[in-house]
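I opened this model to look up a few things.

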Amino acid sequence: MRLPFFFFLGFIIQSCENKPEKHTVSSKKTALVDYVNPLMGTDSKFSLSNGNTYPAIATPWGMNFWTPMTSKMGDGWTYKYSENKIRGIKQTHQPSPWINDYAAFSLMAVTGDLKFQEDERESWFSHKAETVKPYHYKVYLADHDVIAEVAPTERAAHFKFTFPDSESSYIMLDAFFKGSMVKIIPEERKIVGYCRNNSGGVPDNFHNYFVVQFDKDFELTHTWTDDWKLQENSLNSEGEHVGAIIGFKTKRGEVVHAKVASSFISLEQALLNLSREIGNDSFEITKDKAKEAWETELNRINVQDSNTDNLKTFYSCLYRVLLFPRKFYEFDANNDVVHYSPYNGEVLPGYMFTDNGFWDTFRAVFPFFNMMYPELNGKIMEGLANTYKESGWLPEWASPGHRNCMVGSNSAPIIVDAFLKGNIKDEAVVNRLFEAMLKNADVNEGRPHPSVGREGIDYYNKLGYVPYNVGIKENTARTLEYAYADFTIAKMAEKLGKHEKAKRFYKQSYNYKNVFDSETKLMRGKNEDGTFQAPFNPLKWGDAFTEGNSLHYTWSVFHDIQGLIDLMGGKDAFVNQLDTVFTMPPDFDASYYGQTIHEIREMQIVNMGNYAHGNQPIQHMIYLYNYAGVPYKTQKRIREVLTTLYAATPDGYCGDEDNGQTSAWYVFSALGFYPVTPGVDEYVIGSPLFDKAILTLENGNVFSITAKNNSKDNFYIESTTLNGKTYSNNFITFEAIQNGGEFNFELTDTPSKGWGSKPDNTPYSYSTEKAYKH
């Protein structure tokens with residue numbers, strides 16, 4: 001994702017009482033979490049993304065993350081692998097550098113002369129003296145001869161500072177700009193306060209309240225106020241940008257601990273969060289609890305492979321899938337679930353999640369939750385219903401409230417997929433969410449941002465498409481995504497027995513045909529009078545499309561690939577067009593943007609023609625060969641992307657990671673299948689990367705995937721069996737996985753053109769469905 005566009009809601013299930021069965025991954029018996037490299041994707045910049053990630057020191061779906069800062073306050077690229085100095089370790093809620101951060105504050109330790117301004121207190125560091133685990137960050141601050149460490153909980157963290165022999169040692173809390181307050185309480189060894197920094201999407205009364213509890217008496221106390229003005233021997237400061245400094249003498253090797261917690265509700269709630277989540281725990285106990293939290297979740301999928309690099313990449317990607325959306329709820333004094341609403345500023349009962357862009361994550365992240373975390377996804381759906389109740393609209397990109405970023409109406413497939421897979425239990429929640437989706441599909445007035453609801457909905461409902469020439473950007477992309485959303489709404493309406501609604505939206509799901517140009521066999525912008533826009537360059541990024549071109553968006557007919565095949569003139573023409581995307585030069589037209597945006601550059605440099613895996617619109621495309629009866633072409637391309645475009649290294653992604661989506665593509669594809677059409681109970685088969693994968697499902701069943709004869713050159717499927725019986729379909733159902741069992745692949749180095757090639761073997765397309773004909 002390039003621009004800030006919004007959403008998401010918030011919480012996650014607590015770990016299941018029944019821990020998944022553990023399986024040996026390697027002879028070393030390495031903890032799965034220790035395969036994770038949180039630095040994957042951090043070697044990025046504005047002009048070229050290798051992930052645009054930062055090392056998130058956090059628990060799964062935690063309300064707060066922590067990360068070292070190499071960049072200045074307010075820089076969305078907060079940690080750049082190529083930089084050499086650290087300014088502090090901050091609490092962060094940033095889902096993307098393009099969306100930027102909110103509610104951030106930092107801790108930093110210095111020695112010698114007091115230096116508290118961020119450009120002066122920064123210290124040289126080396127990756128050679130840096131430990132980076134999801135549950136533990138440790139770095140040597142060379143200029144201050146201090147070792148700084150942090151271990152996370154969901155809403156708190158435990159810091160450990162190891163000091164040298166010094167007459168002047170300091171720890172400072174930077175409460176950041178855009179409004180902050182600090183209060184030092186020496187008799188309680190505490191700093192309390194709040195920060196209000198944000199990048200949008202918050203009500204006027206937005207605060208992040210924090211408390212820091214130290215285990216050493218303060219020998220001096222200072223604060224600073226606006227413009228870095230030091231206030232010596234003071235205990236309080238409030239202003240645009242303030243901070244607090246405590247000081248003491250230390251002996252070499254002396255350790256000072258700081259226990260930190262925060263709350264979006266109140267200081268009292270922050271104290272409660274601290275007491276509950278850390279209390280009297282030591283640093284090692286906090287670290288071990290965080291490690292166990294990760295180990296519990298990662299053990300739900302146990303992969304076996306002789307290639308350790310593959311294990312590192314898989315679990316590093318899985319770690320990213322399990323970070324967002326973040327919990328934006330807390331437990332009050334009665335242990336009831338409550339949340340501060342980033343929509344109306346009230347403290348209300350119930351779940352809330354946030355920091356998610358549905359344009360990205362509807363594709364694979366939420367289908368993954370439905371497969372592996374149905375209880376969690378049910379809570380997320382409750383949070384979505386609360387968002388609608390509190391703001392009048394469903395979120396599409398939230399951070400923490402509605403943000404103006406990206407296009408589409410992708411809350412619909414997320415809701416419908418969860419509903420059809422049985423993960424929304426409360427009838428009131430079902431009804432509220434269905435009402436919200438209908439509002440999106442009909443109401444233009446009152447939308448808080450163009451990204452919320454459906455921009456151009458009046459045109460879409462009248463003409464069957466969003467016109468190119470009426471001042472609505474990325475119009476063809478919107479049309480395609482609305483048509484797919486309509487299909488999912490129809491599926492839910494049908495299940496609810498609302499047959500007239502189902503007929504309406506099934507019919508509208510064919511609107512993708514209205515922007516298909518039969519002359520070029522591609523999707524194309526269409527004017528209000530029914531003529532196609534001209535001149536037309538299928539290599540032009542943006543304009544009628546979103547962060548892509550016509551060659552990328554033509555495939556965005558998730559629900560009716562057979563219909564697209566028919567429009568293109570049959571399977572041969574369809575396959576030829578797919579092949580062309582990969583075999584043509586990486587040519588592009590960037591004139592719409594006036595510069596070569598990073599997504600274009602990432603496509604250009606990976607030697608895969610015009611295939612732009614670094615951005616989301618085309619990530620399902622490789623699997624479409626299956627629909628045309630040539631799944632062996634999918635198998636070849638999948639293995640190529642898995643092994644060349646991903647690695648557990650700082651440059652390990654081929655574009656923006658985006659809230660787990662690019663990682664979820666890897667996780668699914670490495671297992672051997674992918675959810676091309678959320679809202680349908682099928683996954684399209686690719687080619688498994690691992691010799692064996694064992695999925696411990698939430699319902700207690702175990703589903704195992706075995707790839708016999710798997711090797712670097714053996715990635716073509718010769719045959720498959722499901723629970724001992726020959727299996728010829730090039731898709732597998734959700735139910736088959738949830739029932740548990742064994743899915744076995746026989747792989748070879750030669751394309752097996754017979755496997756999965758018959759019309760009856762192909763995945764779902766609406767055009768071939770019998771019900772609701774029009």
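I looked up the sheet first. I found an open sheet of six strands in the order 19-31-32-36-33-34, with mixed pairing. Strands here are DSSP runs of E with at least two residues, helices are runs of H or I with at least four, and both are numbered from the N terminus. Two strands count as paired if DSSP finds at least two bridges between them. Strand 19 (301-304) and strand 34 (725-727) each have a single partner strand, so they stand at the edges and one side of each lacks a neighbour in the sheet. On average, neighbouring strands are turned by 20 degrees against each other, direction ignored.

I noted that this is a predicted model, where local features need pLDDT of at least 70 and side-chain atom pairs count only at pLDDT 80 or more, while totals for chains, interfaces and linings use all residues. Residues are numbered from 1 along each chain as its sequence is written, and side-chain values use heavy atoms, without hydrogens and water.

How do strand 32 and strand 36 run, and how many bridges join them? Strand 32 (residues 702-708) and strand 36 (residues 741-748) run parallel, joined by six bridges. Ile 705 has Phe 743 of strand 36 as its bridge partner.

Next I checked helix 18 (residues 661-671). Helix 4 (residues 308-321) packs on helix 18 at about 130 degrees, with the axes 8 Å apart. Axes are lines fitted to C-alpha atoms, for helices over the stretch in contact, and angles run from 0 to 180 degrees between N-to-C directions. Helix 4 is therefore oblique to helix 18 (under 35 degrees is roughly parallel, over 145 roughly antiparallel, 65 to 115 roughly perpendicular, the rest oblique). Among the contact residues are Phe 314 and Leu 318 of helix 4 and Tyr 666 and Val 667 of helix 18. Contact means heavy atoms within 4.5 Å.

I then turned to helix 6 (residues 365-372). The axes of helix 6 and helix 18 come within 9 Å and cross at roughly 50 degrees. That makes helix 6 oblique to helix 18 too. Val 365, Pro 367, Phe 368 and Met 371 of helix 6 meet Gln 661, Ala 664, Val 667 and Phe 668 of helix 18.

Last, I looked up Val 260. Val 260 lies in strand 18 (residues 255-263). Is Val 260 buried or exposed? Val 260 counts as buried because its relative accessibility is 0% (buried is under 20% relative accessible area, exposed over 50%, partly exposed in between, with a 1.4 Å probe and protein chains only). Residues up to four places away in sequence aside, Val 260 touches residues including Trp 66, Phe 105 and Leu 274.
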